[in-house]
Each structure stands twice: as C-alpha cells, then as structure tokens.
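Walk me through this fold.

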Amino acid sequence: MPFPHPEILSDREFRLSHDDQQALVHARGGALRSYQVAGRHLVDGWADREVPPAFNGAVLAPWPNRIRDGRWTSDSGPQQLAVNELERRTALHGLVMWADWTLVRHVEQEVQLECRLPSQPGYPFQLQLGVSWQLTEAGLRCTLSAENVGIGTAPFGVATHPFFGFEDRRVDELTLSLPAARYQAVDERLLPVELRPLAEPPGALRGVALDTAFTEVTPDPDGLRRARLASDLGEISVWADAAFGWWQVYTSDMFDRSDDRYRRSVAIEAMTCGPDAFNTGQDLIRLAPGERWAASWGVQASLA
C-alpha cells in the first residue's frame, strides 16, 4: 500500500501549489498532510476520513517529545500535566496537536495558521502560536512562532512530526545521513538517561530501528543543519536553522507488524529542545511576557 493520496478537501484543509510541488495542510494540529514533488508523494500522511495515527505532520508545542509522568516544576511551583501516553506514563507532544488552528492567510503558495493556547492545569501560561507552510523555488518551508501573551515567563519548545520517504521503497531500502556528535540514551520508557557520544552516525537503515534524539549536528557551510534521507529514487533533505538543536528520528517500528505503516516511512523531527526538557532544561526556551520567538525548517527534494 502506498502513502495516502488525499482527495477530499474540507474547509479546514488548504492546498498549496508551486510549479511541480503540491502540498496539503490541515487545520487540525496545523499539520502537513501531504507533500509531493513532480507527482511523487514524499510525506506519509493519513487517508481521507482517517484520524492521523502517529501525530502525522502536526505541530508539537509547547513541548515536543515526552515529560516524565507529566510532572515538572515551574517558577510558581509543581505542575501536573495530563498523561496521554498511558503505557509509558508520559505527557507526549504538547497541547495543540489536536487543536483546530485558525486561518490567518491562504494564497496559492502559502498558508498561515494560528492557535491560542490558554492557561490550563499543568501549563499556567498563555501563548499565541503560529505556523506558516510555504512552497518556494527551493522547496517546502515551515516557519513556527510563539508569543507569550500572558504573565510569567513561559517555558517553551516546539517541533513538527512529518514522516518522509519514497512510497515505492520501504525503510530497509533507505539511507539516512545526519552528522550528529551525540545522542540521547533513554530508558524503557524512552525518557532520557544521559547524553552519549555517537560513535558512528546513521547510515543504511536496513535492520536498524530508531526512535532516537540526536544533537550537536554539524552545520553545512550555509549554517543550516540537515538530515538527508536517500534511496535509488533520489534524496529528501530536511534542513533546519540553528534554533533547532535536536533531531528526533523514528523508523516506524512501533506500528504493529501487520500494519502497512510498519517501517514504511521515517519521522524526522527538528526539535528546539531535548526529551523531557521541562525537567532537564536542555535547550528549553523561556519566553518573557510579550516576547516573541520564530524559526524555520524545510524540505528540499532531488529526485532521480
């Protein structure tokens, strides 16, 4: 079964087009549902009338990844978030992945969405979040933003959760290049234990299972960090600016083996902070009242 080829558009979905590129963005989660270049689907989204099975393409804020037991301590005291990953007892992937984002602007090549995050139990802060998906001559560009519109300094981290691949190739036929110096060792709950040197960067993915956060990625001469996913059909290059110091890579192994999504595509998530950052503090952004933050990542494809 190939990647889903969405056909049904609702008033909460926005199609983008530029030259040989097409994309589809959904208001739920501000998510990238589909991206294709020259007719080839490069993003593994979700089918019509299907609930996204693995946070596909969604914006993850005000934290990506996991918070141990949903517990952390803010400047005002202990906090308890809802635990939504029951088997590991963690608060996973933030508070806006299922929210209905509001349309700000939609033109042929770009859509801008925003989401107001209210103060709530476990996260007593107010943020105005934004995401822009844009097709350019260079490929797909995603700009994420956040503004603290409440009181108190707000801890913040963000990522998105797209799955990339070549729909005619499985993960075992792909190669990943990510020049990282260290990775986050984790326990059985996928929570951080320690940062360790990476003896050998990722390469051929045949038989390799990853659900791993990498950091200290060497930038290219243009200052951008890149993860490159390649097959005999070409290369998908995921780039991110310096604000994204972490890269989570997931090879879809946790799907049931009977599910066609098992090892069908690779999630490559540029993250601003490490796992459990509300507790570890690793690269956690702290937004003062009235402060605004923005950064970008994107995709370039070179197809055979």
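**Cysteines, sheet and core**

The sulfur of Cys-273 lies 16 Å from the closest cysteine sulfur, in Cys-142, so it is too far for a bond. A disulfide here is a pair of cysteine sulfur atoms within 2.5 Å. By this rule the count is zero. Cys-115 is in no disulfide either; its nearest cysteine sulfur, that of Cys-142, is 14 Å away. Cys-273 is buried, at 1% relative accessible area. Cys-115 also counts as buried, at 7%. Buried means under 20% relative accessible area, exposed over 50%, and partly exposed in between (1.4 Å probe, protein chains only).

This is a predicted model: local features need pLDDT of at least 70, side-chain atom pairs count only at pLDDT 80 or more, and totals for chains, interfaces and linings use all residues. Residues are numbered from 1 along each chain as its sequence is written, and side-chain values use heavy atoms, leaving out hydrogens and water.

Now the sheet. Four strands form an open, antiparallel sheet in the order E1-E2-E3-E4. Strands are DSSP runs (E, at least two residues), numbered from the N terminus; two of them pair if DSSP finds at least two bridges between them. Six bridges join E2 (residues 21–26) to E3 (residues 31–37). In one of them, Leu-24 partners Ser-34 of E3.

The largest nonpolar core holds 71 residues; Tyr-35, Trp-133, Phe-156 and Trp-297 touch the most other members. Such a core is a set of buried Ala, Val, Leu, Ile, Met, Phe, Trp, Tyr and Cys residues joined through side-chain atoms within 4.5 Å.
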